[in-house]
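Subject: Structure handover

Hello,

I am passing the model on to you, with the sequence and the structure together. My notes come after it.

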Amino acid sequence: MDQSKREEPEKSLCTRIAACFTQHRSEAARPAAVCGRPRIGLFAQGGILRDGAWQVYRLDQPITDAVFEAGGFPLGHQHLRSIAGTDDFQLDLAALHAAVQRDREDDLQPFCVVANAGTTNTGAIDPLAAIADFCEREGLWFHVDGSYGAFGRLDPRIASRYRGMERADSLTLDPHKWLSVPYECGCALVRNREQLVATFAVPPPDYLRETLGDVRFTDYSMQLSRGFHALKLWIAFMSAGRSGLVALVSLHNALARHLAELIDDTPELERMAPVELSTVCFRAVPPRLRSDDAALDAFNKAVMREVQLEGEAFLSGATLRGFFVLRACVLHPMTTEEDIVALVGAVQRAVGRLRGVSTCIRRTDTRQSAIESDIRRRKQ
Ligand SMILES: Cc1ncc(COP(=O)(O)O)c(C=O)c1O
């Protein structure tokens, strides 16, 4: 076989795609916010969101706002359209379609859709292929926020859920989240390198003109001097290998599913979202508070604090459809099944303390033993 022909497609892909390492994901979102505009001509006309008419569409989830405001250049609230989520906390395509159409009728200028390859709150993966189709049809920049969840693609069990991610115009990744790369290491992959360079390049100063090589990282973002963030990722790849990373991500997803099962089997706990990746959202529902949403919110905030203060496990919180929920996210490489059991135990102890029922249900207590024997039974 003619080797040069065989290598051609890969080579051309590598020279087209640009990878730009940043300190964190929020900054990595910037290419999407800025590069999306040359595609539709505004940048060429010399304006950066000059008239306030440019619109970005994203799931109604606070983190995305923060990201686009912090890192995405001067995108204020007026440029951000919140799109409702479905019952599964994914971007609602029908709502997206309607919003874009409405804005066009109002002479606004849609330019970018931010899809999630794993949301922060629940780990939901948006219907990426359908969103890619929509962006293609409508001439919109297709950005995928994969900072947390894109690495879930390594888990063979759910790899097909990511269909369409490969069509993104830009994709952000945070190796410092799931790949255990030390903080901070964010990365933006931009499909069309020329577009990225056209957006960010500035003429190099005299003293550098002859020394910069073909790839000038200063042309990829606002940053000039930069640290060698890619080295940390390279070390993670080299030490774990692809198979090690596949095993890590698959294990975390399995542990999250196991946690979901334990929660589903515990009458006083209620799961609040489907589990796609390594994130599980749930809440405690003591019978006497069951019909009082405000009291349940206050109770669960107190449970979160109790668990954090006790120090055996760590839970964060999130708000889903107006309810406060406890959020467990498995990302640490040393997390084991025992830790998952311990987390449920810590929540139960906190619930017990807050109800004043028990002050010291330890891991070895009856309920915990019941959970442990349940795990053993499932394994057999
Ligand atoms: C999906 C998603 N996007 C963006 C971010 C922001 O990442 P960073 O703090 O690295 O900028 C997070 C943080 O958790 C996230 O989960």
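What follows is a short account of what was found, starting with the conventions.

This is a predicted model, in which local features need pLDDT of at least 70, side-chain atom pairs count only at pLDDT 80 or more, and totals for chains, interfaces and linings use all residues. Residues are numbered from 1 along each chain as its sequence is written.

Overall

The protein has 13 helices and eleven strands (DSSP runs numbered from the N terminus, helices being H or I with at least four residues and strands E with at least two). Of its 380 residues, 41% count as buried (20 or more other C-beta atoms within 10 Å of the residue's own; 12 or fewer is exposed, anything in between partly exposed, with C-beta atoms placed from the backbone). Among the contacts with a separation of 6 or more, 68% are between residues 24 or more positions apart (a contact being two C-beta atoms, placed from the backbone, within 7 Å).

Strand E2

Trp 54 lies in strand E2, residues 54-59. Trp 54 is buried, with 23 other C-beta atoms within 10 Å. Its C-alpha is 9.7 Å from that of Asp 107, a residue 53 positions away in sequence.

Helix H6 and its partner H5

Helix H5 (residues 93-105) packs on helix H6 (residues 128-138) at about 15 degrees, with the axes 11 Å apart (axes are lines fitted to C-alpha atoms, for helices over the stretch in contact, and angles run from 0 to 180 degrees between N-to-C directions). H5 and H6 are therefore roughly parallel (under 35 degrees; over 145 is roughly antiparallel, 65 to 115 roughly perpendicular, and the rest oblique). Their crossing is right-handed (the near helix is turned clockwise from the far one by less than a right angle; anticlockwise is left-handed). H5 contributes Leu 93, Leu 96, His 97 and Val 100 to the contact, and H6 contributes Ala 130, Phe 134 and Glu 138. By class, these are five nonpolar, one polar and one charged (nonpolar: Ala, Val, Leu, Ile, Met, Phe, Trp, Tyr, Cys and Pro; charged: Asp, Glu, Lys and Arg; polar: the others, Gly among them).

Leu 128, Ile 131, Ala 132 and Cys 135 are the buried residues to look at in H6. They are on the same side of H6, because they cover an arc of only 105 degrees around the axis (the arc is that of the directions from the helix axis to the C-beta atoms). An α-helix has 3.6 residues a turn, so residues three or four places apart point the same way. The buried residues of H6 pack against strand E4 (109-116) and strand E5 (141-146). Just after H6, Gly 139 has a positive phi of about 70 degrees.

Helix H12 and its partners

Helix H11 (residues 293-310) and helix H12 (residues 337-355) cross at roughly 120 degrees, their axes coming within 9 Å. This makes H11 oblique to H12. The crossing is right-handed. On the H11 side the contact includes Phe 299, Ala 302 and Val 303, and on the H12 side Ala 346, Val 347 and Ala 350. The contact of H11 with H12 has nine nonpolar, no polar and three charged residues.

Helix H10 (residues 229-264) also meets H12: the axes come within 10 Å and cross at roughly 35 degrees, again right-handed. Leu 255, His 258, Leu 259 and Leu 262 of H10 contact Glu 337, Ile 340, Leu 343 and Val 344 of H12. Six of these residues are nonpolar, one is polar and one is charged.

Regards
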